[in-house]
Amino acid sequence: MPAFAAVALITALADRSFPIVQQALIGEVARGAARDRLQASLRALQNAGMGAGALLVSGVLALWGTGAFTHTAWGNALAFAVAGLLVSRVRPVREAGTPSVQRPAAGYRMVLRDRPFLGLTAANFLTALGYAALSVLFPLYIATWLHGPDSLTGAAFTVNTALCAGIGVLVAGRVRRSGARRTRSAALGSLLFAAAFVAQIVLGTLRPGQTVTLVALLAIVVVYTLGELVHSPSGGALSVSAAPEAVRGRYLATYQLSYSLATALAPSLFTGLLALDGRLPWAVLAVAATGAAAALLRLERHLPAEAVYAEPPAAVVAGSTPRGAEPTAATTTA
């Protein structure tokens with residue numbers, strides 16, 4: 001047990017730290033609309049890796065049995081080591097003539113005083129509850145309320161993973177080319193979440209036959225996944241760009257709490273509501289997603305222009321100064 005606890009602790013520390021560091025790295029290696037493209041590409045590759053990993057491990061276990069768990073662990077270790085070597089070769093991108101930003105002597109109190117960023121974090125918490133629904137609420141809802149076969153859960157995960165990996169970059173590119181502000185595209189993603197949750201309430205009220213339930217559920221998963229594909233790149237780039245460069249790590253660590261708290265709260269919240277009525281958790285999620293969309297639209301005028309716009313209009317940029325940094329030659333010229 002002590003060895004297991006030690007391994008689990010190290011794994012949890014790495015798992016919780018990785019998203020923060022990855023988002024900070026995106027801020028270092030990409031600027032403007034390139035951040036949105038990178039966010040979308042990473043999410044697509046992540047889902048492709050999850051799908052490929054699941055198929056690979058299933059094949060290995062089918063061929064060699066449970067004894068192959070040791071081999072898959074060694075394979076994972078090798079994969080992470082290679083990933084670490086690749087990341088170590090990545091270097092920050094600096095614009096010509098822009099001096100490096102000095103790290104100020106500031107703690108998390110600086111983040112806590114930034115009300116717009118805290119509002120952005122709170123809005124993301126409401127949306128993050130929806131992200132947790134697929135892995136936590138979907139299986140319980142299908143089994144206990146719809147009384148559907150367990151294969152429906154696998155089908156829902158397969159559709160979600162395939163769409164994220166297959167069309168994630170295309171959807172994000174379409175949103176980006178539309179010229180939508182990041183706050184508005186993230187709000188649209190939240191509203192698509194809300195639409196999928198309302199559809200679950202309707203499905204849970206009607207409770208049609210298994211064939212209709214299967215088709216309806218998969219259609220709902222498609223809408224849910226579209227919400228994920230629209231929200232994720234814009235929301236991620238929004239948080240990275242809204243954080244002052246000099247203290248980006250602290251800001252993104254605070255922002256990541258929205259996902260961590262949602263992940264920790266989701267199991268008890270969903271199971272408690274599901275015990276009362278199978279439609280109740282979907283109603284709470286629909287209200288939360290709608291509230292997140294409204295909050296994002298309200299925060300739009302309070303966030304820095306370089307965060308709201310993937311490619312800020314010259315007139316907007318010229319009249320704004322990023323928080324946490326002095327005006328630079330590049331800002332003045334723009």
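Colleague: What covers the buried residues of helix 1?

Modeller: The cover over the buried residues of helix 1 includes helix 2 (33-64), helix 8 and helix 9, where contact means heavy atoms within 4.5 Å. Ile20, Gln23, Ala24, Ile26 and Gly27 are buried in helix 1, and the word buried stands for under 20% relative accessible area, exposed for over 50%, and partly exposed for values in between, with a 1.4 Å probe and protein chains only. This is a predicted model, in which local features need pLDDT of at least 70 and side-chain atom pairs count only at pLDDT 80 or more, while totals for chains, interfaces and linings use all residues. Residues are numbered from 1 along each chain as its sequence is written, and side-chain values use heavy atoms, leaving out hydrogens and water.

Colleague: Why does Leu252 count as buried?

Modeller: Leu252, whose place is in helix 9, has 3% relative accessibility and therefore counts as buried. Leaving aside residues up to four places away in sequence, Leu252 touches Ile20, Gln23, Ala24, Ser239 and Val240. Leu252 and Gln23 are 229 residues apart in sequence, but their C-alpha atoms are 7.2 Å apart in space.

Colleague: Why does Gly227 count as buried?

Modeller: Gly227, found in helix 8, has 0% relative accessibility, and therefore counts as buried. Beyond residues up to four places away in sequence, Gly227 touches Gly189, Leu192 and Phe193.

Colleague: How many helices and strands are there in the protein?

Modeller: There are 13 helices and zero strands, if helices are taken as DSSP runs of H or I with at least four residues and strands as runs of E with at least two, numbered from the N terminus. Of the 334 residues of the protein, 39% count as buried. Among contacts between residues at least 6 apart in sequence, 83% join residues at least 24 apart.

Colleague: Why does the distance between the end C-alpha atoms of helix 5 agree with its 30 residues?

Modeller: The expected span of a helix is 1.5 Å times one less than its number of residues. At 1.5 Å a residue, helix 5 should therefore span 44 Å, and its end C-alpha atoms are 41 Å apart, which agrees.

Colleague: Where does the kink lie in helix 8, and where in helix 1?

Modeller: In helix 8 a kink of about 30° lies at His231, shortly before the proline Pro233, and helix 1 has a kink of about 30° at Phe18, shortly before the proline Pro19. Helix 8 (residues 210-242) reaches 46 Å from its first C-alpha to its last, close to the expected 48 Å, while the 28 residues of helix 1 (residues 2-29) reach 40 Å, close to the 40 Å expected.

Colleague: What makes Phe117 and Tyr255 an aromatic pair, and which kind of pair is it?

Modeller: Rings of Phe, Tyr and Trp (its six-membered ring) pair if their centres lie within 6.5 Å, and planes under 30 degrees apart count as stacked, over 60 as edge-to-face and the rest as tilted. By this rule there are twelve aromatic pairs. For Phe117 and Tyr255 the centres are 6.1 Å apart and the planes 55° apart, so the pair is tilted. This pair links distant parts of the chain, with Phe117 in helix 5 (residues 115-144) and Tyr255 in helix 9 (residues 248-276), 138 residues apart. Both Phe117 and Tyr255 are buried, and they belong to one aromatic cluster, whose members include Tyr131, Phe138 and Trp282.

Colleague: Why does Arg207 count as partly exposed, and what does its charged end sit over?

Modeller: At 38% relative accessibility, Arg207 counts as partly exposed; its place is in the loop between helix 7 (182-206) and helix 8. The charged end of Arg207 sits over the ring of Trp145, 3.8 Å from its centre, the rule being that NZ of Lys or CZ of Arg is within 6 Å of the ring centre and within 35 degrees of the ring normal. Arg207 also has a positive phi of about 50° although it is not a glycine.

Colleague: Why does His147 count as exposed?

Modeller: His147 has 54% relative accessibility and therefore counts as exposed. It lies in the loop between helix 5 and helix 6 (151-177), and the phi of His147 is near 55°, a positive value in a residue other than glycine.

Methods: Bend = angle between axes of the 7 residues up to and from the residue.
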